[in-house]
Structures are given as structure tokens and as C-alpha cells.
Amino acid sequence: MCQLLGMNCNTPTDVTFSFTGFAQRGGNTGDHADGWGIAFFEGAGLRHFVDHQRAVDSPVAELIRRYPIKSRHVIAHIRKATQGAVALENCHPFVRELWGRYWVFAHNGDLKEFWPRLHANFRPVGNTDSERAFCWIMQELAKSHAGVPTVEELTITLRELSAQIAKHGTFNFLLSNGHALWAHASTNLFYIERRHPFTKAQLSDEDLSVDFSSHTTVNDRVAVVVTAPLTTNEVWTAFAPGELKVFVDGAVV
């Protein structure tokens, strides 16, 4: 199945270190070779890159590894296709607008017999179960709330919607609107919160380490969510099956 990577921070931070190891799973240390993508929130704006090539070979992925884009909310995905052709329109993360704000979604799993009724505002461009699930979530959020809800209200609604979709199969996902990062696990999902005092970390997929204390302040907080732990010398916490967590300012709410 696919691989997920999410980052949520209290100050703009680059994801270069994590993405360098993560990208190796797109054809080198993993066989997830059917495309990849990444999205960075910057204020109300969004930088969105997708490619149907393997992440280890993609020139666009090389750009991300070398260009330290700083963001408080990042979602990345490496695809191993279960439904839908290997094509640009089927590469995660997917993006939609709701309440005048971008929403970004990426999914790891396989949903069987999931064909919800979708209205005109939210329709898939590609032919994946993942994009259908995202469109349905956006549709149901819009129906459930007359105006922009709080993070707490959104979390309650998302918990209910996630349980309905998860009945159809494996539903690990990351979702962000630039205010918070929601992460839901059916099977494998892990997270870590990095804060002062920061230490050195060693990637598991590449011979690369970084001393975070040289690049941070005492006030920084960074949460990273991933399908499988990215480092060998840090303690990652596993999600429980069916668990939905929300991260704000680099910490679990």
C-alpha cells in the first residue's frame, strides 16, 4: 500500500530531512513506484507538486529535496496503486476548496464497494477510491456545518465520517486545511512530537542524520506523522486502529 507523511508545526519549518528519507520508499527501500506528491501551506496559499514517476527518479522530487520550502502544514504521499491507473490525476495529495480555504488529503489503503452519491460541488477528476472518499468528506462537511467550524467541531464530524468510510476497507489518511492536521489510522500510522531539548536524528531509509538543536529554538514544536517510522533513534508512537488524532501547532490536541 501507499506511504503517508505529514508535518504540523508552530513555526514555518522545512521538511527536507524527513522527505529525503521518505522519498527513498518510492522505488528504492520500498516498492511504492506509482507516483508521489506533496503540498505545503503558506498562509492562505498552497504549493502543490505531483508526479506520476517514482519519487527516487523524479526531478520534481529532487527539487523538493534541495529547496527548503518552509511551512507549518505539509502532507506528502508515495503511491502504490490499488485502484486507478498510474496517471497524474490519480496522484495524491488531492486538493479542494471549502469555506474559502484549501483542503489537502492523502490516503493509504483500499476501499471496496465505496461509491457514495456525490453532488456537483465535489467530484473526482481521477478514478481512485481515495479521491472519491475525499470528495465525500468535503461534501459531508459542507452539509454538516453552515459556517466555518472550529477545529473541535471538525474533529467530531471527521470522526463520524471516518468510521463510515472505514467500514469499506483500510482507511489511513491525512487531512489539513492549513489550521490543523487530522490523521486517521485503520492499520499502520505513527507520530512523533519534537520539541526542546532537540536532539540528533538518523534516517532509517538513507545514511543521513541531522542535529535539530542547531536549526531550532526553544519555542519550536514539530509533529511528524508517517506510515512507518522515518528514524532509527527516536521513539515513535503508534496509532490505535480506528483512531483519529488532530495536531495543532506541533502537538496533539
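How many salt bridges does the count come to? Twelve, where a salt bridge is a side-chain nitrogen of Lys or Arg within 4 Å of a carboxyl oxygen of Asp or Glu. Side chains of opposite charge can pair when their charged atoms come close.

Before you click around: this is a predicted model, so local features need pLDDT of at least 70 and side-chain atom pairs count only at pLDDT 80 or more, while totals for chains, interfaces and linings use all residues. Residues are numbered from 1 along each chain as its sequence is written, and side-chain values use heavy atoms, leaving out hydrogens and water.

**Stop one.** Select arginine 25 and aspartate 205, a salt bridge whose closest N and O atoms are 2.9 Å apart. Arginine 25 sits in the loop between helix 1 (16-23) and strand 2 (36-42), and aspartate 205 in the loop between strand 10 (200-202) and strand 11 (209-211), 180 residues apart. Helices (H or I, at least four residues) and strands (E, at least two) are DSSP runs, numbered from the N terminus. Arginine 25 is buried at 6% relative accessible area, and aspartate 205 is buried at 15%. Buried means under 20%, exposed over 50%, partly exposed in between (1.4 Å probe, protein chains only).

**Stop two.** Now pick glutamate 42 and arginine 47, which meet in a salt bridge at 2.2 Å, N to O. Glutamate 42 is partly exposed at 34%, and arginine 47 is partly exposed at 34%.

**Last stop.** Select Glu62, Arg65 and Arg66: salt bridges with shared partners join them into one network.
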